[in-house]
Amino acid sequence: VLGLVNASVGVVGYEVAAHTEAGWPLVGLVLAGLAALYVAYSELLREQRDLEALSEVSLIVARSGQQAAARPARGRDDPAAELASGEWQTIAERIRDQLTATRVVLHVRIRQDGPMHTAVAGRPLPESAPTATQRTDPMLRLHGSHVRQFRRIDACQEIRQAMIRKDAHDALVVPLNSGNHLLGAIEAHDRQSRWRGFGTADIRLIGTMGSHLATAIDNRRLLAT
């Protein structure tokens with residue numbers, strides 16, 4: 001069907017351009033209109049996929065929190081310690097697919113004095129990557145809630161060294177905050193496309209994703225408490 005439509009459009013366009021006065025400008029206007037419609041439609045599809053991803057991530061964390069609250073109490077166990085169960089890995093994979101990134105690193109810490117747990121989706125982190133703490137990883141020294149974009153080519157020396165150890169050239173980092181409590185962070189490394197890096201839409205998406213995920217994790221913590 002697609003081949004028939006393309007062939008028909010090509011033949012009609014050629015006939016109009018060849019046998020109609022001012023045919024080429026007319027064909028050009030039609031193609032420009034079709035291109036504008038295609039761009040608008042692709043943006044609409046992207047927004048729909050983004051909303052689906054946000055909803056899915058929030059539901060995964062909320063469902064997990066309800067299951068954790070239904071289990072018997074285990075003292076001061078860290079609710080984030082279930083990273084190995086696969087739910088956090090699923091979230092990291094979903095974010096990576098949505099951003100078309102080569103790697104997404106999800107850091108989660110529920111208690112302020114607890115350890116930072118990490119899930120990696122996509123290309124594994126090198127062994128030389130810094131430990132995921134605010135003291136040892138300069139990319140996690142985050143203030144506020146806005147998205148940071150780091151490029152190895154123009155980053156400061158400390159950030160550049162951290163990116164070299166992580167084998168990343170372009171990175172987006174967004175903190176997961178609950179008030180003054182840092183719940184963790186999302187790191188996205190290098191788009192899969194060779195032609196361009198992360199753009200405005202990617203920054204907006206990961207920022208919204210971080211906000212939703214922080215709220216869902218905080219709700220899970222409160223529910224468990």
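Modeller: Arg-191 forms a salt bridge with Asp-202, and their closest N and O atoms are 3.0 Å apart; the term denotes a side-chain nitrogen of Lys or Arg within 4 Å of a carboxyl oxygen of Asp or Glu. This pair links distant parts of the chain, since Arg-191 belongs to strand 5 and Asp-202, 11 residues apart from it, to helix 5 (residues 200-224). Helices (H or I, at least four residues) and strands (E, at least two) are DSSP runs, numbered from the N terminus. Arg-191 and Asp-202 are buried, where buried means under 20% relative accessible area, exposed over 50% and partly exposed in between (1.4 Å probe, protein chains only).

The model is predicted: local features need pLDDT of at least 70, side-chain atom pairs count only at pLDDT 80 or more, and totals for chains, interfaces and linings use all residues. Residues are numbered from 1 along each chain as its sequence is written, and side-chain values use heavy atoms, leaving out hydrogens and water.

Strand 5 (residues 181-191) also holds Glu-187, whereas Lys-166 lies in helix 4 (residues 157-166), so this pair ties together parts 21 residues apart in sequence.

Glu-93 is partly exposed at 27% relative accessible area, while Arg-96 is buried at 17%. A network of salt bridges links Glu-93, Arg-96 and Asp-97. The count of salt bridges comes to 7.
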